[in-house]
Amino acid sequence: MVARVIPVESFDLVVFGATGDLARRKILPGLFRRLAAGQMPEGARIIGAARSDMKRADFQKMVGEALDEFDPKTAANKALRARFLDCLHYVQLDVATPAGWKALAKQLRADVVRAFYLSVSPSLFGVIAAGLNEHGLATAQSRIVVEKPLGHDLASARALNAQLSTGFGEGQIYRIDHYLGKETVQNLMALRFANALFEPLWNARHVDHVQITVAEDIGVEGRGGYYDKSGAMRDMVQNHLMQLLCLTAMEPPSRFEPDALRDEKLKVIRSLEPVLPEHIVRGQYRAGNGQDSYVTHSENPASKTESFVALRVDVSNWRWSGTPFYLRTGKRLRARMSEIAITFKETPHSIFPGMDHHRNVLVIRLQPNEGITLRMTIKDPGPGGMRLTEVPMDMTFSEALALEIGAVPDAYERLIMDVIRGDQTLFMRGDEVEAAWGWTDPIIAAWEAAGTTPSAYDPGGSGPEDALALLHRDGRKWREIAV
Ligand code: NAD
């Protein structure tokens, strides 16, 4: 297999918040692995910008330690490690004050791609975008990269888009949803649009329903303050689950190009029906099985924030009318598991007497064991009549492609390199983000107005009882949360 690697131009990548957790854990180790893979061009420079008073050597030492901690295997190659540290520069900069911007300007070269990665609190996104503009750093060759939360409702998302667009055109703004950087999520598009097999069946005539689950086994430990202002609907559904829904439900784009793809995703969001109150279940985990409750880590002992949400979503268009999409996400559930499961309709007629109705289910596993399973009905071997049984046809990508562990690039690695290449295909467009909030806002407003308390659920299970009832009422059943 010959992989097509698109060359990366030389660049200056400024990481605002370079001393923070996200930069140390994900961004800088991700860039290091790209260097190890031979993708870092000669002369590429990574410029850390943060408030801490440190010299270049201090920053290099800090990043070296982060590499040793978060990617010890690659960092064991001392020559590579040294080459990476050599790409690093540092500028002390409090973005809220005028000082420091000049020093940053001096570091930047005029003739290379320039990218600004905002790995800081979203409250600083607008300040930084304005600062880059005012100090003349936002050139035509520049790109700006931001990540969720991209607003907390439609009004704030619009305000953020307006702030970003003071110095940057839409073609220069890269909004990360790291789910789009996941290999399996991209594989969903390969599965749908590079195989003739599935697309004819991919519609309400053949699909009974779709389940999208993103389950976490951990709780909100240490992030209660942040999570209280967000909850599962804002933190997960509006962005990650919405993206998965869009890629599953969208029409085939005419080309694998940024706007062709994003136009189709936007059409899906615009086709979503408002969600009926009886089609939503909110939950919050209580204490149990030796685990703390949600409120133990909340700043508000009476918090009504949902750590779980399940909802039925109806996509009102010719392809999907009548086929519900059930979305579910939560913390402190039985396992860490993310999947998209397409359940097909029953055969129109059974020729086998007494046959239980088996349904084909196509499962796209995002984690763990990324891969695809198709559940099929076959004959149970042996004499004694035609007994049928259900079996999985299972493909784990790492086995199918004989990949070594760690060979698949992390979502961030892929996305950062796409920024440098100028490829926006896997990034969200401003109107997409706004449309997603436009659909989410009334749902949140309705439950805030009703003052409903989320249903309590036990840690280590599959969420509140009423989430089960949501599907039972429709004569369906959730798939098990298990690995
Ligand atoms: P952090 O608190 O660990 O780091 C914040 C960084 O911002 C530090 O380097 C700090 O020096 C810098 N900073 C703060 N105020 C500044 C100022 N006035 N001027 C210049 N620099 C300033 O935060 P984090 O966990 O790295 O998260 C950064 C952003 O990424 C947040 O918006 C967060 O929501 C988002 N995010 C984080 C994660 C994660 O895994 N940590 C995942 C997804 C999204």
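N289 sits in the loop between β8 (280-285) and β9 (308-313); strands such as these are DSSP runs of E of at least two residues, helices are runs of H or I of at least four, and both are numbered from the N terminus. The model is predicted, so local features need pLDDT of at least 70 and side-chain atom pairs count only at pLDDT 80 or more, while totals for chains, interfaces and linings use all residues. Residues are numbered from 1 along each chain as its sequence is written, and side-chain values use heavy atoms, with hydrogens and water left out.

**Backbone**

N289 has a positive phi of about 50°, although it is not a glycine. Two peptide bonds are described here as well. The bond from K148 to P149 is cis, with omega near 5°, and P149 belongs to the loop between β5 (142-147) and α7 (154-164). The bond from Q367 to P368 is cis, with omega near -10°; P368 is placed in the loop between β12 and β13. As background, most residues other than glycine have a negative phi, and most peptide bonds are trans.

**Ligand**

The shell around the ligand has 20 residues, of which T19, L22, R25, D94 and V120 come nearest; a residue is near if one of its heavy atoms lies within 4 Å. Helix α1 (residues 21-36) gives the largest share of this shell, 3 residues. By class, the shell has 9 nonpolar, 5 polar and 6 charged residues. Here Ala, Val, Leu, Ile, Met, Phe, Trp, Tyr, Cys and Pro count as nonpolar, Asp, Glu, Lys and Arg as charged, and the others, Gly among them, as polar.

| Residue | Protein atom | Ligand atom | Distance |
|---|---|---|---|
| T19 | polar side-chain atom | oxygen | 2.6 Å |
| R51 | polar side-chain atom | nitrogen | 3.4 Å |
| L93 | backbone N or O atom | nitrogen | 3.4 Å |

The protein covers 72% of the 830 Å² of accessible area that the ligand has on its own, by the Shrake-Rupley method with a 1.4 Å probe.

**Salt bridges**

A salt bridge is a side-chain nitrogen of Lys or Arg within 4 Å of a carboxyl oxygen of Asp or Glu. By this rule the count is 36. One of them joins D12 and R45, whose closest N and O atoms are 3.2 Å apart. D12 lies in strand β1 (residues 11-16) and R45 in strand β2 (residues 45-50), so the pair ties together parts that are 33 residues apart in sequence. In general, side chains of opposite charge can pair when their charged atoms come close.

Notes:
Polar contact = N/O pair within 3.5 Å; in protein donor to acceptor, adjacent residues only side chain to side chain.
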